[in-house]
Every structure is written in structure tokens, then in C-alpha cells.
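This briefing is meant to be read slowly, with the sequence and the model side by side.

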Amino acid sequence: MIEARLLTKVFRDRKRGDVHGADRVSFRVEPGRIYGLLGANGAGKTTTLRMLATLLRPTSGSAVVAGHDVVREPDKVRANVGFLATSTALYDRLTSREMIAYFGRLNGLGEASLRSRIASLADELEMHEFLDRRCDKLSSGMKQKTSIARMLVHDPQVMIFDEPTLGLDVMTARSIVRFVRDCRGRGKTVIYSTHVMGEAEKLCDVIGIIHQGRMRAEGTLAELRERTGETDLEECFVKVVVPEGTP
Amino acid sequence: MSWGAIGTIYAKELRDQLRDRRTLLSTIVIPTFIMPAIVLGVGKMASAIIVKARQEIPRIMVIGGADSPGVRADLERSGKFRVETATPDWRSLISEKRVRAAAEIPAGFERALGSGSAPAVNLYDYEGELKSGLAVEELRNFFLGLRDRTTARLLKERGIPATVARPFEVRQANVAPPEKVGGNLLGGIVPYIIVLICFMGAMSPAMDITAGEKERGTMETLLCSPVARTDIVLGKFLVVLTGSLAAVVCSLVSMGATLVAVGASIGGMAAGPGGPGGAAPTIDPAGVLGVLAMVIPVSVLFSAVLFAVSLFAKSMKEAQSYAGPLVFVVILPAIAGLLPGIDLNLRLAFVPILNLSLVCKEMLSGVWHWGYIGVIFGSTALYAAAALALAVWMFRREGVIFRT
């Protein structure tokens, strides 16, 4: 489970002064559910997710991820979280197998369980063909599968996806979306950030619309449609983030 | 702190670096081949240039001396000079290297020789120019020979034994063992090269595993793991230190092998028919081990500083722009250690790099100042610990890790 309470992150910038990356963001995600964080570029999605993954420390507020506080027990939070973003790349000079094994060891897996875990992930994600190929020689689809295997190697309870399909071709993006759906099927707590409305519509059980660091609206797709009076999610989004009367 | 996690990070980073051509070049290839290149390549080239310069019969000018035809004829007959007729622009000709040197013979020189009261002969050369220096050396030898012969003749004419002018001889002999000779000869340059190589060996891995990782996006991947930040820093730092020490070890081994090879070749020549005999200069192995021990805290210092500086950078390019100028900061005290007259004292024992340069020079020539060695090792270890603490502190700062 994920529970964010008034999460706030202030970046101190010499030129712009204090910048609120996230401003009192609160939401809750139950196991077996996908929470969609919808927002434009710079809305505060990545900042919020980085705080949940303990990469950034909140300026104020708190969050509990898989039963652990992100400020007091960051190591325990990370041990229960799988984080995938466009910014989480692979080591080019390692093979796909070495990459997965490395993160398995960092998560405390023993050599025997690591071997069987890599074998089962390779079966599941159809990776046998390129498992011993260096990451810099992989196609974008193969790289994404390796990243997913890296994320899953320690079988985390919570999965955080930060715009995982950004820059990917249609087929690779579809396989990611399918995989995220599978995570829900396995009872994982999933949070999925995107600015692609179609993905949010297809995947998410609950959608939170974030804009300028603040959570502007939250609910199921049906609830958002009802609240805004629009049927199309893009129109719902625009109505939420752009105040009435703004040209 | 988890040694298991540190070991995992170290093993992965080491494997990664061993697959990186830039790191292999700066930590293994260059340190291994730089000393043979300097000793064999540059040394051989320099000796070939000197041999060639010595073989050249220098073009000289004799200024004046019209009334001393004998001296002029002797100069020409010696076969060591090509004597040219003096022209008014002889100074310019020496500067332009068209004439190597000139001898000014005063008026009435040859006549005055008979009475033993000849005026001074002036020799002219272009100081610092090798061929000009060799030519003027030959000219000096010629006139010193003429002076000796004149002295002998004058003494003989007066019935005085030649030993009056040279009542005793002065002889010089070396009592230093070959390793001390080698230490004195190489003691200056070796620490300088070691300091430089120690720094260069750490540079590439430090930049690659900090700024390089940030640039490639793998740093964020690593930060998602449950490993403590301090353990990540230590695992990565140990790889940088390994690079630095590997470079030093490669350099010292290659240096030793080069000296053995050069020593065997000189020794063989010396022991051969007509050779003067005696051993070739070598370096005391204890001195080399001492240098290696003293380099360890300096390697830690360089590795930690480079780690911290590169960590601050957003990209490899930015890291290079920070680390590049640091080379000069490192080289300057190392060069200062080469200067004559700078001796190790308590104050200088606290100056990083310079203290290493000075103490290594002493150790390689067989002098062991244990007090200073302790001060240098301890102070450098303290500086290194402070630099490592800075690196850990920086790694914990979001502003540094996510600097865009």
C-alpha cells in the first residue's frame, strides 16, 4: 500500500527562489490497484514519485510505502519498491543477465535463488535470446524488458512507473502497458505516472490530476467525467488544470 | 555499513571499468609503457642527438690572430674544427647557428707566448645550445693544451722540473653503491612520475562512475536499490582507488623491469672486452617498496578528491573540465620537489604531494627519515579521510545527485 500525506518538496533555486516541486500532495493506493498520476511536463509527477521511492526527501509531509515511512526507513522502503522511469537506465557494459543479477544481489538475494529468479524472469519476459548480450547492443524493447526484470528481481510489493513509455515505439509501449496490468493481477500496489491520456484511460483504477505541484482532482474515470461534465479524459484534464474563463 | 553490499558494488564497478577502454588506457597501458618510453625512447633519442652533435666538426671563427699564424695553423691541423675567416657579423652568425663558436686571439699573442706573459684568449659561444657548447669545449681544450705545452717548454728552458707546475694530481672515486647512485639519479624524476600516474589512474574511473553514471541515467537506477548511500560511495570509491594503485604498481613494475634491462645492457657493455668494469646504477628495492607504501594515502586522497569533484559534475564533459586543471595543482608541488635546495623539513612534511615527492627522493637514495615518514603518512591519511568524508557528504545531497 502507498499512502502520501501532504507531501511537499521545495527546491531552493538561486534565480527563482523557492520552487514547489510538490505541494501538499495526498493520495492512497491499495494493493491490486493502479493509481494513475496524470499531469503535464513539470507538473510534479516525477518529484512526487521520487519522494515515494526515497530518492528525494520530502520538505514536509509524510508517506508510508509498503508499511514503512519514507523518511525514517528509506532502505526498507526501497527494498519493497520497484522503480522504473525513463531516467533509470541500464549499464551499457554489463550483459542483461549481469544487470539483473547485480540488482538481485543489492536486494540481498543469495546466489542460488538469484539463478532461479533470473531463469523464471527470462521465461516470463522471453529474454533468453539476449540474456548474455551487453546492454549497449540491445534494442529498445530488449532494454525495456531488462529494466522490468531488474525492477522485478526482488519481487517488490509496490511498483512505481514514471512515464515508462516515453520515447518508446508503439509495440514496446504496448508490452509495458500489458506488463503493468499484469502487476495489478498479481496484487501489486501500482502507481503509474503519465501524460498520455489513452494509457491512463486503459490502465488506471483511480486517476489523480496533478498540476503545478498540487493535486487538483482525484477519482475514478467515471467520477472525473461526472465532475467535469466531459466524456473525453483529455477534456476532463484540461477542465481541471485550466480554470474557467481562461482563454 | 554492509560489507556485502560494498563488495557487490565494488565487484560490479571493477568489472565495468575493466570493460572500459579509457580506463584501461589510463590505468594500465600508459603507466606500463611511459617509463620504458622515457628511459629507453627519450633517453636513446637524447644520446643519439648528443653522439651526432659530437661527431660534427664544428665551424668556428678566429677573430684577430693575424700575427699568430702558428696558433691558427694548429687549430686547422687539429682536425677538430673548420676554421672560417672572421667576418664583422660573427656574433650574429653564432646566434643563427651558422657558426658554432669563436676564439678571439689578442694581438701579439704568439710572440708573448715565448715570455710566458701572453694576454687572455676570449672564447664565444651561444649558451644553452648543445653544438655551440661542444665547439667551445673543444676550443677550451685546445687552448688549455697549448697552455700546458707552453708551460712545459718554459720550465724546460729554465731547467726546472715539470712537476713544479703540477706538484700533485687530484683523483676522484665513487664510494656509493650502485643503488644509491641510481636513487640519486632517478630519485627526483620517479616521485614526480609516480604522483602524476597516481592521479591519472584515478581520473578516468572517478569520472565514469560518478558524472558518467549521472549522464547515462544509471545513477538513479542504483539509488533505487536498498543499499545505504555510504556503502555505495565506499564501493565506488574503492574502485577509483584500485585504478590509482593499479596505475602506480604497473608503473613501478615497468620501471623496475626497464632499469634491470638497461642495467644488464650497461653491465654487459662494462664487463665486455675493453669495458671499464663495475656495476650499472640500480634502485634499492626497499626504496621502491617505501615509495609504494607512501603512495597509498596519496592515492586515497586523489581518489576521494576526484570522486567528489566528478560527483558534482552533471556530465563527463563537465567533470573533465574540473579534473583537468587539477592536474596542474598536483604537478606543481611535485615539480617543486625536483628543485635543488628544497629539503624535507617538519613544515614541508605537512604539505601534501610536495612531502611525498621529497620523502620518496630520500628513500630511493637510501635515506630513511622515520620521523618525517610518520608525519607525512599520518597527515596525508588525515587529508584523505577528510576528502572521503566530503565525498560521502556530497553523495547524500540531493542537489548534487540530481543536479541538472
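What radius of gyration does chain B have, and what would a compact globule of 404 residues have? In this predicted model, chain B has a radius of gyration of 30 Å, whereas a compact globule of 404 residues would have one near 22 Å. Chain A gives another picture: its radius of gyration of 19 Å is close to the 18 Å that the globule rule gives for 247 residues, so chain A is as compact as a globular protein of that length.

- Chain A is built with nine helices and ten strands, and its C-alpha atoms fill a box of roughly 60 × 40 × 35 Å along the principal axes.
- Chain B contains 15 helices and four strands, and the box that its C-alpha atoms fill, again taken along the principal axes, is roughly 100 × 45 × 45 Å.
- Buried residues make up 46% of the 247 residues in chain A, while in chain B 37% of the 404 residues count as buried.
- Among the contacts in chain A with a separation of 6 or more, 66% are between residues 24 or more positions apart, and for chain B the corresponding share is 77%.

**The four-stranded sheet of chain A**

- One open sheet of chain A has four strands in the order E2-E1-E4-E5, and the pairing is antiparallel.
- Strand E2 (17-29) and strand E5 (68-69) of chain A each have a single partner strand, so one side of each is left without a neighbour in the sheet.
- Strand E4 (residues 60-65) of chain A pairs with E5(A) over two bridges in the antiparallel sense, and A:Val64 stands opposite A:Asp69 in E5(A).
- Helix H1 (residues 45-52) of chain A packs on this sheet, where it touches strand E1 (2-13), E2 and E4 of chain A, and its direction makes about 115° with that of E1(A).

**The six-stranded sheet of chain A**

- Another open sheet of chain A has six strands in the order E6-E7-E8-E3-E9-E10, and here the pairing is mixed.
- At the edges of this sheet are strand E6 (81-85) and strand E10 (214-219) of chain A, each of which pairs on one side only, and the twist from one strand to the next averages 15°.
- Within the sheet, strand E3 (residues 34-38) and strand E8 (residues 189-194) of chain A pair in the parallel sense over five bridges, and A:Leu38 stands opposite A:Thr194 in E8(A).
- Helix H6 (residues 170-185) of chain A lies across E3, E7 and E8 of chain A, and it runs at about 155° to E8(A).

**Two packed helices in chain B**

- Two packed helices are described by the angle between their axes and the distance between the axes.
- Helix H11 (residues 285-312) and helix H12 (residues 316-336) of chain B pack at an angle of about 150°, with their axes 8 Å apart, and H11(B) passes H12(B) in a right-handed crossing.
- On the side of H11(B), the residues B:Leu306, B:Val309 and B:Ser310 meet B:Ala319, B:Tyr322, B:Ala323 and B:Leu326 in H12(B), and the residues of this contact divide into six nonpolar, one polar and no charged.

**A buried residue, B:Ala206**

- B:Ala206 belongs to helix H8 (residues 189-216) of chain B.
- Is B:Ala206 buried or exposed? B:Ala206 is buried, because 32 other C-beta atoms lie within 10 Å, and a residue counts as buried at 20 or more.
- Leaving aside residues up to four places away in sequence, B:Ala206 touches B:Val240, B:Ser303, B:Leu306, B:Phe307 and B:Ser310.

**Where the chains touch**

- In the contact between the chains, 18 residues of chain B meet 21 residues of chain A.
- Helix H1 (3-18) and helix H9 (218-223) of chain B each supply at least two residues of the side of chain B that touches chain A.
- The residues on that side of chain B divide into six nonpolar, five polar and seven charged.

Note on methods
Residues numbered from 1 in each chain as written. Chains lettered and ligands numbered in written order. Predicted model: local features only at pLDDT ≥ 70, side-chain atom pairs only at ≥ 80, totals over all residues. Rg over C-alpha atoms; globule rule 2.2 N^0.38 Å. Buried ≥ 20, exposed ≤ 12 C-beta atoms within 10 Å, placed from the backbone. Contact = placed C-beta atoms within 7 Å. Axes fitted to C-alpha atoms, helices over the stretch in contact; angles between N-to-C directions. Left-handed = near helix turned anticlockwise from the far one by under 90°. Nonpolar A, V, L, I, M, F, W, Y, C, P; charged D, E, K, R; others polar. Pairing = 2+ DSSP bridges.
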